[in-house]
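Work through the exercises below with the sequence and the 3D view side by side, trying each task before reading its solution.

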Amino acid sequence: MSGTGNERPRWLTCPVCQVRFCAAESDALPFCSPRCRLVDLGRWLDERYGLPVERDPAGEDTPEEP
Ligand SMILES: [Zn+2]
């Protein structure tokens, strides 16, 4: 088999920041970046718990190893 370059660039619109991006350049689909994925996750969690969650800026980087 020979490669025919069949992969077309897919353009998506990020549901968080509404920016257009190439799907091949993102490793956090369907979002444009892992950052937007976290934003969406945060919104989802807020809705689930129904309360605003206060986050520690440093709490994100806490390694939890048993
Ligand atoms: Zn985005």
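**Exercise 1: the overall layout**

The protein contains one helix and two strands, where helices (H or I, at least four residues) and strands (E, at least two) are DSSP runs, numbered from the N terminus. Residues are numbered from 1 along each chain as its sequence is written. The model is predicted, and local features need pLDDT of at least 70, side-chain atom pairs count only at pLDDT 80 or more, while totals for chains, interfaces and linings use all residues.

Task: find the pattern that the protein follows along the sequence.

Solution: reading along the sequence gives β-β-α. The strands are β1 (11-13) and β2 (20-22), and the helix is α1 (residues 34-49).

**Exercise 2: the helix**

Task: decide whether α1 lies largely buried or in the open.

Solution: begin with the rule that a residue is buried if 20 or more other C-beta atoms, placed from the backbone, lie within 10 Å of its own, exposed if 12 or fewer, and partly exposed in between. Of the 16 residues of α1, one is buried, so the helix lies largely in the open. In the protein of 66 residues, buried residues make up 6%. Just after α1, Gly50 takes a positive phi of about 70°.

Technical notes
The expected span of a helix is 1.5 Å times one less than its number of residues.
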